Amino acid sequence: MATVLTLPITAPVLPKGYTAPLASTSRLSTPHPTGHRVLLPVGHAHLDHLRLALHHAHDFESFDAHTATEREAKQKLLAAEGAAEDDLGVGDEEESAEILALDPKEWKKQDHYAVLGLSKFRYLATPEQIKIAHRKKVLKHHPDKKASSMSTETIMGINVNQNTNDDAFFKCIQKAHEVLTNAEKRRQFDSVDPAFLEAEEDLTGVSATEFKNKKLDFFKTFTPVFELYQRFSRAQPVPGLGKLEATKAEVEGFYDFWYNFDSWRSFEWLDKEVNEGSDSRDDKRYTEKKNKSERARRKKEDTAKLRGLVDLTLSLDPRIKLIKQQEKEAREAKKLAAQPGKPGKKTKAQEEEEKKKAEEEAKVKAEAEKAEREAAKKAKAAAANAAKKARRQARAAEEGAAA
């Protein structure tokens with residue numbers, strides 16, 4: 001049991017100059033005769049007091065109802081503003097019947113970007129865009145919402161829900177979100193993105209013969225090819241094909257980069273799964289070994305294909321011919337400078353200019369000769385006409401004299 005301890009404490013004596021403090025004159029500290037404190041006319045409490053007194057006649061129930069209505073309206077407004085702010089234009093793509101009929105068991109074959117409505121963003125989609133698109137799809141396709149929106153039919157006295165949706169597409173949505181929010185799985189999927197494979201087939205099927213026969217534009221043909229593959233580069237930024245006016249250093253830098261292209265593309269997404277129900281370690285080892293071999297084969301084929309595209313581009317690049325011609329002219333100019341007494345060999349540009357000048361001079365000379373011939377012809381005709389006229393006048397004179 002606790003005991004009370006009494007300490008002998010003696011209060012000190014007040015000093016001689018001590019005076020008691022005056023009584024406080026604060027209105028807040030002095031109680032009101034009615035027992036209530038006086039409120040200062042500021043703050044939310046004062047505003048609520050005015051609303052209660054002026055608009056609700058001190059009816060607390062009416063005041064509380066009005067406050068709740070205002071709060072709900074404000075929350076709806078904030079929700080609408082928030083949706084407008086975070087809506088980055090994703091998740092609103094039209095869903096085709098093919099997309100809605102996807103089988104979640106075949107999730108590795110589905111286009112996860114199309115499922116979430118991110119077809120126009122694809123590998124460029126940000127985590128925030130993926131989050132927004134997933135939320136929109138969940139709100140639209142959640143099984144509970146689907147079930148509540150379906151009508152019911154009475155069969156033999158029993159209400160039967162006509163919702164035949166077994167939430168298959170919702171499972172596809174969840175799987176797409178799982179893949180695209182996992183950096184490693186997304187990298188694997190982006191490596192074999194069906195949209196990329198389709199574009200690759202369309203853009204890389206041009207041969208040197210077809211290019212020359214159809215007289216295709218070099219830059220329009222090959223610029224999209226390298227823009228397609230640059231997504232796989234570990235090194236950034238990636239140099240583009242450029243234009244015809246590119247310098248020698250820019251052209252050499254482009255081909256040096258692509259001949260040493262360091263790609264992060266991998267092919268784990270195409271791995272075969274271990275047979276279901278098999279617990280054999282030998283089966284797992286065999287499958288893993290087979291997958292590893294297939295990944296290496298596909299990687300080698302991809303590298304060889306890209307190298308072949310670079311070789312084809314180099315062989316058809318018009319800038320290479322221009323660069324070689326410029327280097328040849330520079331060597332000849334250097335050689336001519338080393339032998340000042342010897343007449344130098346004319347460059348191709350100089351030869352073409354002289355040939356053009358000679359053709360123009362020949363044309364001017366031919367036109368002058370033609371003009372001279374025409375003038376002589378006209379003079380001859382005029383002389384003949386004058387002689388005829390003179391003979392006619394002579395005969396007329398003779399006939400007049402005889403008469």
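Glu-184 and Arg-187 sit three residues apart, about one turn of the helix, and both belong to helix α8 (residues 183-191). Helices here are DSSP runs of H or I with at least four residues, strands are runs of E with at least two, and both are numbered from the N terminus. The model you are looking at is predicted, and local features need pLDDT of at least 70, side-chain atom pairs count only at pLDDT 80 or more, and totals for chains, interfaces and linings use all residues. Residues are numbered from 1 along each chain as its sequence is written, and side-chain values use heavy atoms, with hydrogens and water left out.

Let's stay with that first pair. Glu-184 forms a salt bridge with Arg-187, and their closest N and O atoms are 2.3 Å apart. A salt bridge here is a side-chain nitrogen of Lys or Arg within 4 Å of a carboxyl oxygen of Asp or Glu. Glu-184 is partly exposed at 39% relative accessibility, and Arg-187 is partly exposed too, with a relative accessible area of 22%. For these words, buried means under 20% relative accessible area, exposed means over 50%, and partly exposed lies in between (1.4 Å probe, protein chains only).

A search of the whole structure finds 25 salt bridges. One of them joins Lys-108 to Glu-273, with the closest N and O atoms 3.5 Å apart. This pair links distant parts of the chain, 165 residues apart: Lys-108 is in the loop between α3 (97-100) and α4 (112-115), and Glu-273 is in the loop between α12 (248-259) and α13 (281-316). Lys-108 is partly exposed, with a relative accessible area of 24%, while Glu-273 is exposed at 57%.

Another salt bridge connects Arg-234 with Asp-262, the closest N and O atoms being 3.4 Å apart. Arg-234 lies in the loop between α11 (218-229) and α12 and Asp-262 in the loop between α12 and α13, so the pair ties together parts that are 28 residues apart in sequence. Arg-234 is exposed, with a relative accessible area of 54%, and Asp-262 is partly exposed at 42%. Elsewhere, salt bridges that share partners join Glu-294, Arg-297, Arg-298 and Glu-301 into one network.

Finally, take a look at the backbone. Most residues other than glycine have a negative phi, and most peptide bonds are trans. The bond from Gln-236 to Pro-237 is cis, with omega near 0°, and Pro-237 is in the loop between α11 and α12. His-58 has a positive phi of about 60° although it is not a glycine, and His-58 is found in the loop between α1 and α2 (60-86). Lys-215 likewise has a positive phi, near 50°. Its place is in the loop between α10 (208-213) and α11, where Lys-215 is exposed at 74% relative accessibility.
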